[in-house]
Amino acid sequence: MKIGVTGATGQLGRLTIAKLKEKVATDSIVALVRTPEKAAGLGVETRAFDYSKRDSLAASLQGIDKLLLISGNEVGQRLPQHIAVIEAAKKAGVKQIIYTSILHADTSSLGLAVEHLATEAAIKASGLVYTILRNGWYTENYTGSAKGAIGAGAFIGCAGNGKIASAARVDFAAAAVVVLTGTGHENKIYELAGDTAYTLADLAAEISRQTGKAIPYNNLTETQYADILKSFGLPEGVAQMLADSDTGASKGGLFDDSKQLSALIGRPTTSLSKVLADAIA
Ligand SMILES: NC(=O)c1ccc[n+]([C@@H]2O[C@H](COP(=O)([O-])OP(=O)(O)OC[C@H]3O[C@@H](n4cnc5c(N)ncnc54)[C@H](OP(=O)(O)O)[C@@H]3O)[C@@H](O)[C@H]2O)c1
């Protein structure tokens with residue numbers, strides 16, 4: 001059986017390939033990559049695979065039985081890109097498609113959910129056997145800002161008191177590998193989130209505890225937060241998307257307590273304190 005992983009040179013893709021190599025023969029893994037020059041160290045067969053190059057996709061999927069479609073990062077262009085991959089998978093005879101969606105895609109108030117929900121619908125309409133991994137927020141999205149917060153003396157955001165059940169990328173990669181290498185996940189949707197939820201004030205308190213410096217959480221309005229992110233040099237669309245996601249979090253959009261992720265991977269999810277410690281080491 002051959003397993004294909006798209007976005008294999010991205011952060012989640014690399015972790016997934018590494019974990020797959022621990023579980024199955026290297027020659028049964030195919031890394032599908034947009035940028036072949038980034039794939040040198042993966043240690044598995046590599047095939048060119050750009051979601052935007054619709055006509056080339058089916059050829060690259062020949063012989064693939066299970067395909068992990070890692071959602072692209074070109075927000076706004078992802079639906080036609082993902083549809084091109086789904087159509088190619090069908091044409092190439094892929095037996096199961098596994099897609100990384102967003103937590104509670106069907107009810108989420110996050111703007112990011114729109115493309116994911118439409119992709120899920122396209123997968124279901126294709127008739128392919130599927131598994132939807134509705135991935136929650138990466139803990140690294142927030143811990144990646146910790147060093148900046150320590151330097152600035154405060155952690156900022158607009159998530160209010162929203163509880164965030166994030167998990168480490170390595171946990172989501174482990175879940176993908178369980179589905180890619182096991183059975184019983186056909187036509188299922190998993191809501192994947194961390195075991196323990198926290199607010200951004202809790203995160204700031206944990207940064208304070210680990211550094212011995214008082215780092216408060218300053219809650220801003222969505223506009224203030226987006227403006228500050230833009231002033232850091234983030235493109236307007238990215239700044240707005242991050243601020244919108246924090247607003248979504250304030251309404252519970254990043255919360256889930258079903259513990260399906262730890263059940264799937266057979267261990268507790270990685271703690272916030274561990275991911276934070278790694279980020280500020
Ligand atoms: N759950 C969350 O908190 C969260 C946060 C951010 C993003 N995401 C979503 O989860 C995905 C994986 O996360 P990540 O951290 O691994 O993101 P990442 O490091 O940005 O990796 C994204 C991967 O997608 C590939 N890609 C983008 N557009 C493509 C295209 N047109 N054709 C083929 N490949 C394409 C990239 O290829 P290159 O290596 O060539 O650039 C890269 O390998 C993201 O793409 C995004 O959809 C989730």
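## Ground rules

We're looking at a predicted model, where local features need pLDDT of at least 70, side-chain atom pairs count only at pLDDT 80 or more, and totals for chains, interfaces and linings use all residues. Residues are numbered from 1 along each chain as its sequence is written, and side-chain values use heavy atoms, with hydrogens and water left out.

## The sheet

Seven strands make up an open sheet in the order β3-β2-β1-β4-β5-β6-β8, with parallel pairing. Since β3 and β8 (188–192) sit at the edges with a single partner strand each, one side of each is left without a neighbour in the sheet. On average, neighbouring strands here are turned by 20 degrees against each other, direction ignored. Strands (E, at least two residues) and helices (H or I, at least four) are DSSP runs, numbered from the N terminus; two strands pair if DSSP finds at least two bridges between them.

T131 stands opposite K188 in β8.

## Helices on the sheet

Helix α4 (residues 113–126) has 14 residues and spans 20 Å from first C-alpha to last, close to the 20 Å expected at 1.5 Å a residue (that is, 1.5 Å times one less than the number of residues). α4 lies across β5, β6 and β8, at about 160 degrees to β5, while α3 lies across β4 (66–69) and β5, at about 180 degrees to β4. Axes are lines fitted to C-alpha atoms, for helices over the stretch in contact, and angles run from 0 to 180 degrees between N-to-C directions.

Buried residues of α4 include H116, T119 and I123 (buried means under 20% relative accessible area, with a 1.4 Å probe and protein chains only). Their cover includes α3 (78–92), β5 (96–102) and β6 (129–135). After α4 comes G127, with a positive phi near 85 degrees.

T6 belongs to β1 (residues 3–6) and counts as buried because its relative accessibility is 0%. Its side chain makes a polar contact with the side chain of Y51 at 2.7 Å and reaches the backbone nitrogen of I70 at 2.8 Å. A polar contact is a pair of N or O atoms within 3.5 Å; within protein, one must be able to donate a hydrogen and the other to accept it, and residues adjacent in sequence count only if both atoms are side-chain atoms.

A48 lies in edge strand β3 (residues 45–48). Leaving aside neighbours within four places in sequence, A48 is in contact (heavy atoms within 4.5 Å) with V33, P36 and S60.

How values were computed: Buried < 20%, exposed > 50% of the residue type's maximum accessible area, 1.4 Å probe, protein only.
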